[in-house]
Amino acid sequence: MLVRLFDDRNREVLFVRPPQRIVSLVPSDTLNVFALGAGARLVGRTRYCVEPEGAVEALPVVCGTKDVDVAAVAALRPDLVLANQEENARPAVEALARQKLQLFVSFPRRVAEGIAHLARLARILGVETRPDVVELLRRGYREAAQPAPPLPLRTFVPIWMDPLMTVNADTFIHDALALAGGANVFADRVRRHPLQADLGREPAKPAGDRDTRYPRVTIEEVRERAPELLLLPDEPHPFGEEDAAVLRSALPAAAVAFCSGRDLSWYGARSIEGIARLRAQLAALR
């Protein structure tokens with residue numbers, strides 16, 4: 001077996017045999033490995049890798065997603081480390097590379113890209129011809145190719161409360177929302193730097209290589225965009241009734257609904273069922 005692939009950092013990765021000792025630094029990918037029937041090959045995870053419930057608890061926890069313990073990962077002698085450009089801090093990933101560990105770095109920004117990543121992972125694991133994997137991928141591509149429902153709801157999806165943050169069109173959450181029947185009211189809004197510029201209080205400075213996909217916004221901005229729906233996920237910020245009350249008071253004309261943050265933002269296997277759940281949820285609100 002020789003598998004030659006490029007990850008989402010455009011790094012060439014070669015596998016002469018399927019990896020048998022995997023450390024996942026990404027909750028989505030921990031679930032993906034199990035979904036592909038290779039959960040027994042996982043030897044390490046982050047504290048945020050919590051699915052599939054009942055299966056991951058026995059795995060050693062080596063870190064969080066942002067505070068990767070490089071020495072702990074290396075001590076597990078993995079022949080594959082799954083990382084994500086957005087979720088994992090760059091210095092730690094680069095340190096793992098210097099340890100000569102085999103890294104595969106993902107960065108899907110569309111639901112279809114997440115399914116394509118799942119397919120690449122199936123090839124790496126040598127399970128791409130198994131009937132259950134073939135069917136899983138077929139379902140995934142079919143779900144990602146579903147046309148967006150007509151008459152999308154103008155939707156505000158915050159991802160943090162203080163400061164109030166949201167997403168623009170260049171994000172996985174935006175694409176998941178569109179497939180589910182929501183129109184992101186901040187699709188065109190980039191994050192400006194520094195913070196006072198993002199809040200409209202001073203001129204913006206060049207962003208350089210800093211991420212501009214997650215703008216910090218004011219309640220006034222949200223009100224100006226006139227969303228029909230406030231869709232509140234339970235992660236990364238666990239939006240609850242107290243947050244909803246604050247937003248309702250400022251935007252009384254908008255409906256409010258809670259949803260799973262994992263359905264919105266976990267790529268690969270979770271999105272196959274998650275997008276369908278979101279679509280049904282938004283359809284019930286029309």
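Student: Is Cys259 buried or exposed?
Tutor: In this predicted model, Cys259 counts as buried because its relative accessibility is 9%.

Student: And what about Cys63, buried or exposed?
Tutor: Cys63 counts as buried too, because its relative accessibility is 3%.

Student: Okay, how many disulfides are there?
Tutor: The count comes to zero disulfides.

Student: Changing topic: what is the strand order in the open sheet?
Tutor: Four strands make up that sheet, in the order 9-8-10-11, with parallel pairing.

Student: Which ones are the edge strands?
Tutor: Strand 9 (182-184) and strand 11 (255-259), each of which pairs on one side only. On average, neighbouring strands of the sheet are turned by 40° against each other, ignoring direction.

Student: How many bridges join strand 8 to strand 10?
Tutor: Two bridges link strand 8 (residues 153-156) with strand 10 (residues 229-233), and these strands run parallel. For Thr155, the bridge partner in strand 10 is Leu229.

Student: Nice. Which strands does helix 9 touch?
Tutor: Helix 9 (residues 241-250) packs on the sheet and touches strand 10 and strand 11. Its direction makes about 155° with that of strand 11.

Student: And helix 11, what does that one touch?
Tutor: Helix 11 (residues 269-285) also packs on the sheet, in contact with strand 8, strand 9, strand 10 and strand 11. The direction of helix 11 makes about 160° with that of strand 11.

Definitions and conventions
Residues numbered from 1 in each chain as written. Predicted model: local features only at pLDDT ≥ 70, side-chain atom pairs only at ≥ 80, totals over all residues. Heavy atoms only, no water. Pairing = 2+ DSSP bridges. Axes fitted to C-alpha atoms, helices over the stretch in contact; angles between N-to-C directions. Contact = heavy atoms within 4.5 Å. Disulfide = S-S within 2.5 Å. Buried < 20%, exposed > 50% of the residue type's maximum accessible area, 1.4 Å probe, protein only.
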